[in-house]
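Keep the viewer open as you read.

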Amino acid sequence: MKMDEPNKVGLRENKREDVCPSKKGKLDLKSVRAQIEQAADEKTGPEYWRSLEELAGSADFQEALHREFPKGASEWVDSVSRRGFLKVMGASLGLAGMIGCVRLPLEPIVPYVRQPEEVIPGRPMFYATAVTLGGYASPVLVESHLGRPTKIEGNDQHPASLGGTDIFAQASILTMYDPDRSQSVMSMGDQRSWQSFLTAMRGPLNAQKALQGVGIRILTPSISSPTLADQLRNFLKVYPQAKWHVYEPLNRDNRLEGAKLPFGEPVETRYNLEAADVIISLDADFLYAGFPGNVRYIRDFAKRRNPEDNMNRLYVIESTPSSTGAKADHRLPLRAVDIEWFARALAGALGLDAGVPDLTGEVAKHADFLAGLVRDLEAHGGASVVLAGDPQPPVVHALAHAINAKLGNVGKTLFYGDPVDANPVNQAESMKDLVADMRGGKVDLLVILSGNPAYDAPADLDFADLLKSNKVSLRVHLGLYQNETADLSHWHVNQTHELEAWGDARAYDGTVSIIQPLIAPLYNGKSAHEFVALLSGQADATGYDLVRGYWQKQQSGGDFEAFWRKSLHDGWIEGTAFTSKQVGTKANHLPLATKLDENALELNIRRDPTVYDGQFSNNGWLQELPKPMTKLTWDNAALIGPKMAGRLEIKTEDVVELELNGRKVTGPVWIQAGHPDNSVTVFVGYGRRRAGRVGTALGFDAYSLRTTAAPWFATGLQIRKTGETYKLASTQGYQTMDTPNGDTRPLVRETTLEEYRKEPSFAKEEEPAPGLTLYQPYPYKEEDYAWGMTIDLNSCVGCNNCMLACQSENNIAVVGKEQTVIGRHMHWLRVDAYYQGDRDNPKAFFQPVPCMHCENAPCEVVCPVGATNHSSEGLNDMVYNRCVGTRYCSNNCPYKVRRFNFFLFQDWETPQYKMMRNPDVSVRSRGVMEKCTYCVQRINERRIDAEREDRKINDSQHADELQTACQQSCPAGAIVFGNINDPNSKVSKLKAEARNYSLLGELNTRPRTTYLAEVSNPNPELKS
């Protein structure tokens, strides 16, 4: 399979590229490797580095470093020269106005005739609801302005989140307002009415009723909704010969089958990481979005990373670099196929029968690592936990269960319970059965709820071709988009978004959340509840009646109205969490380990960090969100390690052909530090053919290599260079802070726990005295408020949730791949990834970098029009109407945190986006500089509340009432904001800690944002 034709704009010949110099001349592997090795020998290279170019100290990188804007970012691309333009316009005082604002069309507005009593213009209301991913509910609070949902926050009262969110929950608000969503019922390409669909369905359903539904098949993704599951089971009672199939590409088959091996039944494991002193991850990326329960797990993990307390220790054995691996105290990169051998060796060393007589191959090279790990586990029996990732086969999960039982961890650091999935079948087998029935002509009516199997079903099933063959008489699809599956269906019904519909769903711990709508359906769609009700003969049933009716039957006694109101108010139904269950252990006969070829190339298939399985392909926020390790945007790539790249003489952005068992795909390469040797990682979710205007024809389709026999990884891969190159948009080389003395004053400060106890103040550098300035210092101490922030690098897991929360809160524009390539992305907050040590297995660190709000701000003194200035409370403010776009402020900012609107990036025409924006934040236009404001709109809102009640913000009775968007969304609690003039505030106490340091503090900028240095907890027996 070739890359999609529209993407050939990314293929380039030998011609000049207007891109950041650090992106040019990418990785001549021989010369770069020589430079890196020379730097290592002479100890002249940087200790902490963000890219291989920086590590090598390339001339291109140094040129980029000393330019605020990359080449091309500030070039005049119009046919009129810059000089000619200024000559024409120089006398006009309207120049600033021309580039500083855009005139909006006049539109009539209509006030309330009778204003609802509870609605106060300018005061948002919050509603508790939930959004789902993979069947698991994320409890959220949705901010609504006059009936328009504008922002999503975590439900701080819900046990599954405690107030945090993940990137998919944050971005769901943009999906709801997406103008590319399906807006009508469609039949064979024609727009039809709901009533015509009802008429078309009536005959086939009546015919099947006489046959007991023998020809009906329903295909759903994983479902945790008690109401929807009850509806489907009732439907199967009416049509007893019908079948309910379940499939989604990123399923948990391995986890459930791994539970059946020792327990004989599918059970789900839930972890109590707060009680774990030692954590072992076997390819489980549990600290990133997409892992069920990740928000709570991040919070529990971060609580134990305090060096002043009993700090935990994390070992990660993984097949591709991840956020979880970056936080590890010890990380071991292995091919995915080798991790089973490691798990067997670990179990054998603990006295279990694991079917591996001797260490061989790649695992044998790490015998010392294994021995130290075993002794650490044995010393922490009952206070340790082993997690296995979904990509690993059932035997690895079974071994994890056995190890946890052996160590006495069950009931302490992990618990077993019923699966959240209402129909926990083996989804691969279920899909194979459905395909067999379709090929056999046994299916007359196929109903597909919400999925997209024509795009993401295993390649060996040829599901899309089967739909084209017309072996199924009637194919019906319900979905948010007219996607690849809708295109091959006879009927497509537009679905409501979860923020538009009533429903219910279970969180990872089983707690049921009631999903309530924040807005009427934008396109008159139908929810899954209403659609299934139609199949059961209840065409007029509403989602509200269905959900409420189900729970009314569950509450036989008591005051149902009180129960219902409380459940809606709280966001979940009390007492619905799954209780821990005792599982019996059957005779465990693990399949024998197969012999491995340690030189065989492996294909490693993973979910994409930002577009997941492809369902978020049309979400611009997620497409432009840098992936945590590569910082790639708008594309997927084939990740390989530096050693493998050197052997094959492959460079970053070279296009290669990947072939596995006769199936082929082409895509660009990204050389990733820390990637295992002899392995290639690809991410699903790209190569879409019908995603929408944003997501169609981006990247390559990795699903074309995925089969039912090998859904996650397989050996036997062949890789060949095509001779072409493809431009990738990565932000990793941009906004690099110039640190000539970075070897002695690194941007990231870190040490080990042992060294920290010897020297707690290791992070503090000698900074200039407070009065050492040419300007008269402002007496901030005399003010009621002096705002400041701390970011704990020990807690930050690099989830990027803060970036999306900031984008949603502050109406930050999406600029697209072309603009990202030339350095024009607009995120006010970035999360830098730094590496240290051997490029084949470096340590990694995350560092969020917002505006520092310096007291001695270098940006302010150079602005010729006073557009950037300081408030009495220490905020570095931007006056957008004054800004004339000189960009002097950005040139003078050592932190590289200012963003300039080179074009009119905001969409001011699409009415849906107007509804989505936060009315408390200005929408910026072209020619304007923008940056982090410490969410000044939230400060002012809380100030009004406090003044009205004659008190101070965040007083003892209203603790944490003021939080910035990044702080409120952070699942780790790594970001703390508050009044540093209040000695009792949390931020003041953190700034007084020994680990607190200022970024580039030697420049005497006096930043209000400071950092708590990172402290790792390595095993003294092992090398760090």
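Let's start with helix α9, residues 253–263: 8 of its 11 residues are buried, so the rest of the structure largely encloses it. Buried here means under 20% relative accessible area, exposed means over 50%, and partly exposed is in between (1.4 Å probe, protein chains only). Helices (H or I, at least four residues) and strands (E, at least two) are DSSP runs, numbered from the N terminus. The buried residues of α9 are Asp253, Asn254, Arg255, Leu256, Gly258, Ala259, Pro262 and Phe263. Their cover includes β9 (268–271), β13, α15 (394–406), β14 (414–417) and α16 (427–439). Just past the helix, Gly264 has a positive phi of about 80°.

Before going on, a word on what you're looking at. This is a predicted model, with residues numbered from 1 along each chain as its sequence is written. Local features need pLDDT of at least 70 and side-chain atom pairs count only at pLDDT 80 or more, while totals for chains, interfaces and linings use all residues; side-chain values use heavy atoms, leaving out hydrogens and water. As for pLDDT, that's the predictor's confidence in each residue, from 0 to 100. The chain averages 86, and 86% of the residues score at least 70. Residues 1–27 are below 50, and this stretch has 80 contacts in the model beyond near neighbours in sequence. Residues 74–105 also stay under 50, with 28 contacts beyond four places in sequence. A contact means heavy atoms within 4.5 Å.

β13 comes back in an open sheet of 4 strands, ordered β12-β11-β10-β13 with parallel pairing. The edges are β12 (330–333) and β13 (384–388), each pairing on one side only. From one strand to the next, the twist averages 10°. Strands count as paired if DSSP finds at least two bridges between them; β10 (residues 278–282) and β11 (residues 313–318) run parallel and are joined by 5. Within that pairing, Ser281 stands opposite Val316 in β11. Helix α14 (residues 367–379) packs on the sheet, touching β10, β11, β12 and β13, and its direction makes about 140° with that of β11. For these angles, axes are lines fitted to C-alpha atoms (for helices, over the stretch in contact), and values run from 0 to 180 degrees between N-to-C directions.

Now the nonpolar cores: sets of buried Ala, Val, Leu, Ile, Met, Phe, Trp, Tyr and Cys residues joined through side-chain atoms within 4.5 Å. The largest has 156 residues, and Ile279, Phe286, Leu658, Val680, Val682 and Trp787 touch the most other members. Helix α6 (residues 167–176) gives the most to this core, with 7 residues. Apart from it lies another core, of 34 residues, including Ala347, Leu377, Ile403 and Leu590.

What about disulfides, meaning cysteine sulfur pairs within 2.5 Å? The count is 0. Two cysteines show the spacing:

| Cysteine | Relative accessibility | Closest cysteine sulfur |
|---|---|---|
| Cys799 | 14%, buried | Cys970, 6.0 Å |
| Cys935 | 7%, buried | Cys966, 6.2 Å |

Both the Cys799 distance and the Cys935 distance are too far for a bond.

Last stop: Asn940, in helix α30 (residues 936–948). At 35% relative accessibility, Asn940 counts as partly exposed. Its C-alpha is 9.8 Å from that of Leu962, 22 residues apart along the chain.

How values were computed. Disulfide = S-S within 2.5 Å.
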